[in-house]
Amino acid sequence: MNFLKRFCRNRGAVLGLVILLAVVVFALLAPTLFPQSPWRPVGRPFLAPFTIERFPLGTDTLGRNLAAGLVHGARVSLMIGVVSTLVALLIGVPLGAIAGYAGGFVDDALMRFTEFFQTIPSFALAIVLVAILQPQLGSIVLAIGVVSWPPIARLVRGEVLSLRTREYVQAAVTIGQSTPRIIFSQVLPNTIAPIIVMGSLMIGSAILLESSLSFLGLGDPNLMSWGYMVGAGRTRLLDAWWISFFPGLAIFLTVLALNLAGEGLNDALNPRLARGRE
Amino acid sequence: MNLLQFLSGRLAKGVLTLLAIAVLNFFLIRAAPGDPAQVLAGEAGAADAVLLEQLRERFGLNEPLLTQLWIYLKGYMTLDLGFSYRQQQPVLALVLDRLPATLLLTGAAFLISLVLGTAMGALAARRAGKWSDSLITALALIFYATPLFWVALMSQIVFALKLGIVPNVGYETIGANYTGLARALDIGRHLVLPALTLGLFFTALYARMMRASMLEVAGADFVKTARAKGVSPPRVWRRHVARNAILPVVTLAGLQAGQLVGGAVLTETVFAWPGIGRLMFDALVQRDYSVLLGVFFVSSAMVVGFNILTDLIYRIADPRIEAGA
């Protein structure tokens, strides 16, 4: 059975993919749907949702259009989620590959280093990093990447460790291929499937991390983000619940969709490991 | 390897980890834009030239980098985590003052999530494929994707503001002057919502892990043997499967302690819980970097201590484990 069929057999994964596509479409269309800056007050503050056609989700404490903020926020969440996951991969994959392939002292040292990063409370480290480097797109992406790479390194190390002893790798050694070439052309291509699965699940955690940071006021001040919007509604919870409700719902749906799709990807890429479904 | 050797080995490793975090803090101060003296002073002291000069003197900021590092580490080794010029108090005193509230919150959340999570996971595995399994699995998926701060706010709206079942914010009723049992009950009422919301994500996590672990153990040979010998199915699940399946879950739960501390920052911010998470948030707003780094260090120390504790309990509980490896 081919990849697509296996993916589609998991109904949750299909649902996740549909939600995800909707979020991506909204994010791409943001400048067309709401050409004005989402920061601009455009109406009376505290307009309730579903009452005025121009503001389908209502307005916030300053009269900004919530729907516009939500759509523009989708761009930020998705972008930070993807880019910071790439940063984590960029750190984790080489470290794991070197540790697994070299073994011995190098492996020991690198794994101690990884363990150290796993011991540190990751969210606290992310807060400190962003606060010290000042909240900007770059520092946020860097902070999320820096706290997220250890699981990747461990995964790649484990895969490489078991691939290293395979006959085709030994054959490559025998014909005199250089070590970097063996790692890049023989070993790493065979670890791609599990890396893709873990990466897709990590985008969800990265989005949660980003929204938590911007909720605390550590978002890029130039970019509208969902976490910031939830935080902005905090002071008027009782009479204007929608200001905090909708952005949070958007985060939840996006992360859920990513997790569902990631699990579907796992089933589709590792058919032998797929959990029993009827 | 005996217990004493094991313990001293783990303690040494913990101390090394904390030393590494102190070094990390040292370089973080220098990574901030501007003069390290201004960073140490926080925004409060930024204008005061005398204070800046004192700080340069005290931390040897005119000396070579290695000397500066040595002075900084010496401070940490004597438990001097710096001074908050904004609050006019040593950082350590500020943190220790707030620590009990955080320990109470994270401890309660940890217990709730571990008990609830393993129970849910065990139930789901026991009824694998049935509707109760689907329900629990779906719930776990949902809780796993929900932003912690959002759940906290929404439950605040529903349970505190609208229904009024539990208090909205805070640690205890201000001005009530309860003592003894009445005070404990009052704190408990305030604890319910923060602990439940903080525990929700971890409940989902442990439920998923427990379910997978149970199903794995259920296929093991010794379980088949037990069944073949005619042990009753409920007893097999309880005594053979669940007891073995829970071990890896508890190990992973111990490793997750760090995330619990991170989540406490969000929960305490929403519920105005007077712990180190709230302290971190306040320090963040005031750009009081000494306090920020101090809280970061102490929360790391909490995690290190917690990991040693779980390892120790584990080693005593399960004689098969060679925890030295």
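This is a predicted model: local features need pLDDT of at least 70, side-chain atom pairs count only at pLDDT 80 or more; totals for chains, interfaces and linings use all residues.
Among contacts in chain B between residues at least 6 apart in sequence, what percentage join residues at least 24 apart? The figure is 71%, where a contact means heavy atoms within 4.5 Å. Chain A gives 71% for contacts defined by those sequence separations.

Good morning, colleagues. Residues are numbered from 1 along each chain as its sequence is written, chains are lettered from A and ligands numbered from 1 in the order in which they are written, and side-chain values use heavy atoms, with hydrogens and water left out.

Chain A holds twelve helices and zero strands; helices here are DSSP runs of H or I with at least four residues, strands are runs of E with at least two, and both are numbered from the N terminus. The C-alpha atoms of chain A fill a box of roughly 75 × 50 × 30 Å along the principal axes. Of its 278 residues, 53% are buried. By buried I mean under 20% relative accessible area, by exposed over 50%, and by partly exposed anything in between, with a 1.4 Å probe and protein chains only. Chain A exposes about 12700 Å², and carbon and sulfur atoms supply 66% of that area. Accessible areas come from the Shrake-Rupley method with a 1.4 Å probe, and for residues only the protein chains shown count as cover.

Chain B comes to 13 helices and two strands. Its C-alpha trace spans about 80 × 55 × 40 Å along the principal axes. Buried residues account for 49% of the 325 residues in chain B. The accessible surface of this chain is about 15500 Å², with 66% belonging to carbon and sulfur atoms.

I turn now to charge. Lys and Arg count as positive and Asp and Glu as negative, whereas His and the chain ends are not counted. Each charge is placed at NZ of Lys, CZ of Arg, CG of Asp or CD of Glu. In chain A there are 20 positive and 13 negative side chains, and the centres of the two sets lie 4 Å apart. In chain B there are 27 positive and 19 negative side chains, with 17 Å between the centres of the two sets.

Side chains of opposite charge can pair when their charged atoms come close. A salt bridge is a side-chain nitrogen of Lys or Arg within 4 Å of a carboxyl oxygen of Asp or Glu. Over all chains, the whole structure contains nine salt bridges.

The salt bridge from B:Lys13 to A:Glu115 has its closest N and O atoms 3.1 Å apart. Because B:Lys13 lies in helix α1 (residues 3-31) of chain B and A:Glu115 in helix α4 of chain A, this pair joins two chains. A:Glu115 is partly exposed at 27% relative accessible area, and B:Lys13 is partly exposed at 33%.

A further salt bridge joins A:Arg236 to A:Asp239, with 2.8 Å between the closest N and O atoms. A:Arg236 is partly exposed at 31%, and A:Asp239 is partly exposed at 44%.

Next, a buried position. B:Tyr206 sits in helix α8 (residues 180-218) of chain B and is buried, with a relative accessible area of 1%. Leaving aside residues up to four places away in sequence, the residues that B:Tyr206 touches include B:Phe110, B:Leu114, B:Val249 and B:Ala253. B:Tyr206 and B:Ala253 are 47 residues apart along the chain, yet their C-alpha atoms are separated by 7.4 Å.

Finally, I come to surface patches. These are made of residues with over 30% relative accessible area and no salt bridge, joining like charges within 9 Å and nonpolar side chains (Val, Leu, Ile, Met, Phe, Trp, Tyr) within 5 Å. A:Val25, A:Phe26, A:Leu29 and A:Leu33 make a nonpolar patch of about 350 Å². A:Leu33 belongs to helix α2 (residues 11-33) of chain A and is partly exposed at 42%. On chain B, a positive patch is formed by B:Arg126, B:Arg127, B:Lys130 and B:Arg227. B:Arg126 lies in helix α5 (residues 91-126) of chain B and counts as partly exposed at 37%.
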